[in-house]
Amino acid sequence: MSDAPVPPDPAAAGRAAVEARRARAAVKEALRSGARGPRDVAERAWHEPTSPEARLRFAEYAGSLRGFGPRRVERLMASLGIAQGKRLGGLGGLQRERVRGWLADVDPSRRPRLIVLAGPTAVGKGTVAQYVREHFPQIRHSVSATTRRSRPGEIDGVHYSFVSDADFDRMVDEGEFLEHATVHNLSRYGTPRSSVQAALDEGSSVLLEIDLQGARQVRESFPDAVLLFLAPPSWDELVRRLVGRGTEDEEERAKRLRTAEVELASQDEFDATIVNSDVAEAAREVVQRILEAEAADVEAPSRR
Ligand SMILES: Nc1ncnc2c1ncn2[C@@H]1O[C@H](COP(=O)(O)OP(=O)(O)OP(=O)(O)O)[C@@H](O)[C@H]1O
Ligand SMILES: Nc1nc2c(ncn2[C@@H]2O[C@H](COP(=O)(O)O)[C@@H](O)[C@H]2O)c(=O)[nH]1
């Protein structure tokens, strides 16, 4: 094979540029229509430097907000010390802090919430949460720590932080968990306090996919958290999903189903039950509940 440099493909570059413009236009339209809030867009830009949000010019971003004409955008940029042409993803640390301060005034109509998604084993919590992750990037997801071994395909730091028993003990002792529990009498799981608090402070709601014991602990320490219970269409379907997933042996499946009976009996403790017959529909219902909760009670002081 030759080592000669591959000549650029102008047609492919042109197509990519058109696609990128389209993606930025979609973000602006979402801001204009109110489908996405300005805080969500800014945080996404800062967390994902290659995203369309990051490539959006600040002037276009601010200009997409209701009530922000060119003169107002110009004044805003001058007051925040942002030069013309600057992209959202290119803002420095100080500029980001100033933008966050401004957003706190401009978007006071939404309050970030802690959302618990619980439900029996294999009901589809992970599948629904993954759908939310892919289609509704404004909602953040907590990555739990666990002492269980990773399954094939699971990535440390993405699906879970896989830790030893000793590390888990240390994290408990140092108060690093917002809640933690031994689940199915097998392994320990815990929600990291600092990353969840950081996301809330940045104005994003955070979804916790945790068990019933964890849900109860969250309700104690965050009385304004929203607790959603994901239920199966039927018991038989739940068993089919657990067996079909094929990640547990017979003995562990039996343990999980025993926990599932207890969890199904606890639905009344939750703010809402969502039946997972169809993944996309269940995910949309979860997001709908989150948006409603963010918009509710904004005048009420946080009880946290
Ligand atoms: N609506 C659905 N219809 C059919 N199958 C589904 C649906 N939702 C999820 N599943 C399937 O059910 C199985 C279990 O899903 P998943 O692993 O997401 O459950 P879970 O609630 O996160 O389980 P656990 O609590 O044990 O971790 C998977 O094989 C998944 O593909
Ligand atoms: N209390 C908590 N429960 C958690 C947390 N992370 C996950 N879980 C729950 O554990 C079971 C089993 O999960 P699996 O990945 O081993 O199948 C499931 O119900 C999860 O929701 C957590 O941080 N705290």
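Biologist: Which of the 14 residues around ligand 1 come nearest?

Modeller: The model is a predicted one. Helix 7 (125-135) and helix 11 (235-245) each supply at least two residues of the shell around ligand 1. By class, that shell holds three nonpolar, seven polar and four charged residues. Of the 14 residues around ligand 1, those that come nearest are G124, K125, G126, T127 and R241.

Biologist: Which residues are closest to ligand 2?

Modeller: The shell around ligand 2 draws at least two residues from each of strand 5 (177-183), strand 6 (187-192) and helix 10 (212-221). Its residues divide into four nonpolar, six polar and five charged. Of the 15 residues that surround ligand 2, the closest are S144, A181, Y189, I210 and G214.

Biologist: Are helix 11 and helix 12 roughly parallel or roughly antiparallel to each other?

Modeller: The axes of helix 11 and helix 12 (residues 250-264) come within 11 Å and cross at roughly 150 degrees. The crossing of these two helices is right-handed. Angles over 145 degrees count as roughly antiparallel. Helix 11 and helix 12 are therefore roughly antiparallel.

Biologist: Is helix 7 roughly parallel or roughly perpendicular to helix 13?

Modeller: The axes of helix 7 and helix 13 (residues 279-295) come within 9 Å and cross at roughly 70 degrees. Angles from 65 to 115 degrees count as roughly perpendicular. Helix 7 is therefore, relative to helix 13, roughly perpendicular.

Biologist: What is the handedness of the crossing of helix 7 and helix 13, and which residues of helix 13 make the contact?

Modeller: The crossing of helix 7 and helix 13 is right-handed. From helix 7, the contact is made by T127, V128, Y131, V132 and H135. By class, the contact of helix 7 with helix 13 has nine nonpolar, two polar and no charged residues. The residues of helix 13 that make the contact are V279, A280, A282, A283, V286 and V287.

Biologist: Is A122 buried or exposed?

Modeller: A122 lies in the loop between strand 1 (114-118) and helix 7. Its phi is positive, about 65 degrees, although A122 is not a glycine. Most residues other than glycine have a negative phi. Because A122 has 24 C-beta neighbours inside 10 Å, it counts as buried.

Biologist: How many other C-beta atoms lie within 10 Å of H184?

Modeller: H184 is found in the loop between strand 5 and strand 6. Phi of H184 is near 55 degrees, a positive value in a residue other than glycine. H184 is partly exposed, and the number of other C-beta atoms within 10 Å is 18.

Biologist: How far apart in space are E74 and G63, C-alpha to C-alpha?

Modeller: E74 lies in helix 5 (residues 70-80). E74 is partly exposed, with 14 other C-beta atoms within 10 Å. In sequence E74 and G63 are 11 residues apart, and in space their C-alpha to C-alpha distance is 9.4 Å.

Biologist: What percentage of the residues of the protein chain count as buried?

Modeller: The protein chain has 13 helices and nine strands. Its C-alpha trace spans about 65 × 65 × 40 Å along its principal axes. Of the 304 residues of the protein chain, the share that count as buried is 32%.

Notes
Residues numbered from 1 in each chain as written. Chains lettered and ligands numbered in written order. Predicted model: local features only at pLDDT ≥ 70, side-chain atom pairs only at ≥ 80, totals over all residues. Near = placed C-beta within 6 Å. Helix = DSSP H or I, 4+ residues; strand = E, 2+ residues; numbered from the N terminus. Nonpolar A, V, L, I, M, F, W, Y, C, P; charged D, E, K, R; others polar. Axes fitted to C-alpha atoms, helices over the stretch in contact; angles between N-to-C directions. Parallel < 35°, antiparallel > 145°, perpendicular 65-115°, else oblique. Left-handed = near helix turned anticlockwise from the far one by under 90°. Buried ≥ 20, exposed ≤ 12 C-beta atoms within 10 Å, placed from the backbone. Contact = placed C-beta atoms within 7 Å.
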